Amino acid sequence: NRHQFPSDFFTHSDSVLPNFSEKYYFNDFQPYAEYELHVIPKLTLTGGTKYSYYGMNFIQYADNGGKIGSKLANGQTFTSITNTAAYKQWLPSADANYRIKQNWSAYAQFSKGNIISPTSVYDVAATTPVTTLPKPTDVSTYQTGSVYKAKRVTFDGDYYYIKYQSSYSSSTSTINGVTDTYYYLQPDAVSKGVELETNVYFGY
């Protein structure tokens, strides 16, 4: 729960309308299963999937304009609104590991993920709840690398590539005194790079 009422220091009284007043209920379930296959003694393949579920329930009350205000677009008084949302998605993953030598291996990995929309999507004074939910942002991650371990030195390096697909942005438009918020897809975003790490042991 999030509630914040402005208070008068001298009269010790709270304002009738808060800066914001909201209740959030959130459930998150992500069971997964995977299978490991030893193709040959030096090569291991692993595949799996995860079921991603996010269930949300929001109750937003009228406020002084800190979040959503106390008036509808037509000027009528607004009291509260309840929104619910459920996001469900299967997210696969796979990796391969090849042991070049006893102390040296190479690997490659792939996985899918998602980013659900922020709760600000539901911060709207209205008579009806949000009916069309924004789709989650899909995330695809690729990584390949190698790990080497000697008696006193370890070294590992990898290259990663992460693609964030179709994230959301928003803008507002006012027509005939009525302001609406529009959500739209942005271009894909990519994050990539190289990571290197080494450890050296000194002593006996």
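**Exercise 1.** State which residues Tyr 87 is in contact with, leaving aside its neighbours within four places in sequence.

*Solution.* Contact requires heavy atoms within 4.5 Å. By this criterion, the partners of Tyr 87 are Ser 52, Tyr 53, Tyr 54, Met 56, Ile 116, Ser 117, Tyr 122, Leu 133, Pro 134 and Pro 136. The model is predicted, so local features need pLDDT of at least 70 and side-chain atom pairs count only at pLDDT 80 or more, while totals for chains, interfaces and linings use all residues. Residues are numbered from 1 along each chain as its sequence is written, and side-chain values use heavy atoms, with hydrogens and water left out.

**Exercise 2.** Identify the residues of the largest nonpolar core and the element that gives the largest share.

*Solution.* A nonpolar core is a set of buried Ala, Val, Leu, Ile, Met, Phe, Trp, Tyr and Cys residues joined through side-chain atoms within 4.5 Å; buried means under 20% relative accessible area, exposed over 50%, and partly exposed in between (1.4 Å probe, protein chains only). The core has 7 residues: Tyr 54, Met 56, Phe 58, Ala 85, Tyr 87, Val 121 and Tyr 122. Strands (E, at least two residues) are DSSP runs, numbered from the N terminus. Strands S4 (43-61) and S5 (80-101) each give two or more residues to this core, and S4 provides the largest share, 3 residues.

**Exercise 3.** Decide whether Ser 52 and Ile 40 are buried, partly exposed or exposed.

*Solution.* Ser 52 belongs to strand S4. Because its relative accessible area is 1%, Ser 52 is buried. Ile 40 lies in strand S3; its relative accessibility is 41%, so Ile 40 counts as partly exposed.

Note on methods
Helices (H or I, at least four residues) and strands (E, at least two) are DSSP runs, numbered from the N terminus.
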